[in-house]
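Visitor: Hi, I'm new to this one. Can you walk me through it?

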Amino acid sequence: MVALSDFQRIGVGLVGFGLFFLLFGILLYFDSVLLAFGNLLFLSGLVFIIGFRRTFTFFFQRPKLKGTSFFFGGLIVVLMRWPILGMLLEAYGFISLFRSFFPVAFGFLGSLANIPLLSQLLQKTWDSGSMV
């Protein structure tokens with residue numbers, strides 16, 4: 001288990017609430033207030049988790065400037081109450097920012113099949129064979 005400081009615990013909570021408000025804003029037909037609030041909570045939680053300097057250096061690295069500009073541009077567009085266009089810009093920026101992280105995440109998800117109880121459950125699901 002990773003030991004988290006109090007600031008990092010607050011950051012995890014902020015990121016969780018941010019993701020909740022983002023999902024809730026999308027489910028309520030792109031409610032711009034909920035999306036904006038979720039974006040601000042997510043970014044502030046990220047700052048609490050990894051620190052201001054690391055967050056700044058992550059977003060403003062030379063190869064990631066295109067993704068950063070799309071992400072923050074989408075955030076500004078959401079704040080101007082054009083939520084669908086803003087979320088599309090943010091999604092493109094998010095994908096280009098975290099492109100190098102996706103193989104690690106998919107590798108972790110693939111390793112979940114090696115857990116004994118979970119692998120038996122997945123095997124039973126796959127062996128059912130019936131789509132109906």
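Guide: Let's start with one residue. Tyr29 counts as exposed, because its relative accessibility is 77%. One caution: this is a predicted model.

Visitor: Okay. Where does Tyr29 sit?

Guide: Tyr29 is in the loop between H1 and H2. Its phi is near 60°, a positive value in a residue other than glycine.

Visitor: How accessible is Phe30?

Guide: Phe30 has 28% relative accessibility, so it counts as partly exposed.

Visitor: New topic. How many salt bridges does the count come to?

Guide: One salt bridge. Asp6 forms it with Arg9, and the closest N and O atoms are 3.8 Å apart.

Visitor: How are Asp6 and Arg9 placed in helix H1?

Guide: They are three residues apart in helix H1, so about one helical turn separates them.

Visitor: Is Asp6 buried or exposed? And Arg9, buried or exposed?

Guide: Asp6 is exposed, at a relative accessible area of 56%. Arg9 is exposed too, at 53%.

Visitor: Now the rings. How many aromatic pairs are there?

Guide: The structure holds 14 aromatic pairs. One of them joins Phe58 and Phe59. That pair is edge-to-face, with 5.3 Å centre to centre and 75° between the planes.

Visitor: Are Phe58 and Phe59 buried or exposed?

Guide: Phe58 is buried, and Phe59 is buried as well.

Visitor: What about Phe70 and Tyr92, what kind of pair is that?

Guide: Edge-to-face, because the planes are at 75°; the ring centres are 4.8 Å apart. Phe70 lies in helix H4 and Tyr92 in helix H5, so the pair ties together parts that are 22 residues apart in sequence.

Visitor: How accessible are Phe70 and Tyr92?

Guide: Phe70 counts as partly exposed, at 30% relative accessibility. Tyr92 counts as partly exposed at 36%.

Visitor: Which residues do ring pairs link into a cluster?

Guide: Phe52, Phe56, Phe58, Phe59, Phe60, Phe71, Phe72, Phe94 and Phe98.

Visitor: Let's switch to pockets. What volume does the largest pocket have?

Guide: About 390 Å³. The lining has 13 residues. Leu19, Phe42, Phe71, Phe94 and Phe98 lie nearest the centre of the pocket.

Visitor: Which helices supply at least two residues of that lining?

Guide: Helices H1, H2 and H5 each do. H5 gives the most, with four residues.

Visitor: What's the make-up of the lining by class?

Guide: There are 11 nonpolar residues, one polar and one charged.

Visitor: Last thing. Which residues does the UniProt "transmembrane region" annotation cover?

Guide: The unreviewed UniProt entry gives residues 12-30, 36-56, 68-89 and 101-122.

Visitor: What do residues 12-30 look like in the model?

Guide: That span is 84% helix and 0% strand. Its end C-alpha atoms lie 24 Å apart.

Visitor: And residues 36-56, how far apart are the end C-alpha atoms?

Guide: They lie 20 Å apart. Residues 36-56 are 95% helix and 0% strand.

Technical notes: Residues are numbered from 1 along each chain as its sequence is written. This is a predicted model: local features need pLDDT of at least 70, side-chain atom pairs count only at pLDDT 80 or more; totals for chains, interfaces and linings use all residues. Side-chain values use heavy atoms; hydrogens and water are left out. On a 1 Å grid over the protein atoms alone, a cavity is a set of points where a 1.4 Å probe fits but cannot get out, and a pocket is an open set with protein on both sides within 12 Å along at least five of seven lines; lining residues have an atom within 4 Å of a point. Grid points are joined across faces, edges and corners, and a volume is the space filled by probe spheres set on the points. Ala, Val, Leu, Ile, Met, Phe, Trp, Tyr, Cys and Pro count as nonpolar, Asp, Glu, Lys and Arg as charged, and the others, Gly among them, as polar. A salt bridge is a side-chain nitrogen of Lys or Arg within 4 Å of a carboxyl oxygen of Asp or Glu. Buried means under 20% relative accessible area, exposed over 50%, partly exposed in between (1.4 Å probe, protein chains only). Rings of Phe, Tyr and Trp (its six-membered ring) pair if their centres lie within 6.5 Å; planes under 30 degrees apart count as stacked, over 60 as edge-to-face and the rest as tilted. UniProt positions are given in the numbering used here, feature names are shortened, and annotations may be inferred rather than shown by experiment.
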